[in-house]
Amino acid sequence: MLPHDPVMLLSYINTQLRDNYGSLDALADGLDISEDEKKNIVDKLSAIGYEYNSESNQFK
């Protein structure tokens, strides 16, 4: 289950990206996250000022 708090979600997602997945799409596949759920994550993190950067493979 993913954290609901945006800051905790940011920490969790970035840790997963750093330690286990080479891209946001790989993370979504690995954690069985649907496209809608992935969009919700991106939107939630965008709302607190974070965007996914594919070059660094993290939200910053």
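Where does D32 sit? In this predicted model, D32 is in the loop between α2 (24-30) and α3.

## Ground rules

Residue numbers count from 1 along each chain as its sequence is written, and side-chain values rest on heavy atoms, with hydrogens and water left out. Since we are looking at a predicted model, local features need pLDDT of at least 70 and side-chain atom pairs count only at pLDDT 80 or more, while totals for chains, interfaces and linings use all residues.

## Overall layout

The protein chain has three helices and two strands, and from the N terminus on the order is α-α-α-β-β. The radius of gyration is 10 Å, close to the 10 Å that the globule rule gives for 60 residues, so the chain is as compact as a globular protein of that length. (That radius is taken over C-alpha atoms, and the rule is 2.2 Å times the number of residues to the power 0.38. Helices are DSSP runs of H or I with at least four residues, strands are runs of E with at least two, and both are numbered from the N terminus.)

Along the principal axes, the C-alpha atoms fill a box of roughly 25 × 20 × 15 Å. Buried residues account for 27% of the 60 residues; buried here means under 20% relative accessible area, exposed means over 50%, and partly exposed lies in between (1.4 Å probe, protein chains only). Take the contacts between residues at least 6 apart in sequence, and 47% of them join residues at least 24 apart, a contact being heavy atoms within 4.5 Å.

Most residues other than glycine have a negative phi, and most peptide bonds are trans. Back to D32, then: its phi is near 55°, a positive value in a residue other than glycine. At 68% relative accessibility, D32 counts as exposed.

N57 also has a positive phi, near 55°. N57 is found in the loop between β1 (52-53) and β2 (58-59), and at 12% relative accessibility N57 counts as buried.

## The aromatic pair

How many aromatic pairs does a search of the whole structure find? It turns up one: Y52 and F59, a tilted pair at 5.4 Å centre to centre with 55° between the planes. For the bookkeeping, rings of Phe, Tyr and Trp (its six-membered ring) pair if their centres lie within 6.5 Å, with planes under 30 degrees apart called stacked, over 60 edge-to-face and the rest tilted.

## The largest pocket

The largest pocket has a volume of about 240 Å³. Its lining takes in 13 residues, with L2, P3, L9, E37 and I41 lying nearest the centre. The elements that give two or more residues to this lining are α1 (6-19) and α3 (35-47), and α3 gives the most, with four residues.

By type, the lining divides into eight nonpolar, two polar and three charged residues. (Nonpolar covers Ala, Val, Leu, Ile, Met, Phe, Trp, Tyr, Cys and Pro; charged covers Asp, Glu, Lys and Arg; the others, Gly among them, are polar. A pocket is an open set of points on a 1 Å grid over the protein atoms alone, where a 1.4 Å probe fits, with protein on both sides within 12 Å along at least five of seven lines; lining residues have an atom within 4 Å of a point. Grid points are joined across faces, edges and corners, and the volume is the space filled by probe spheres set on the points.)
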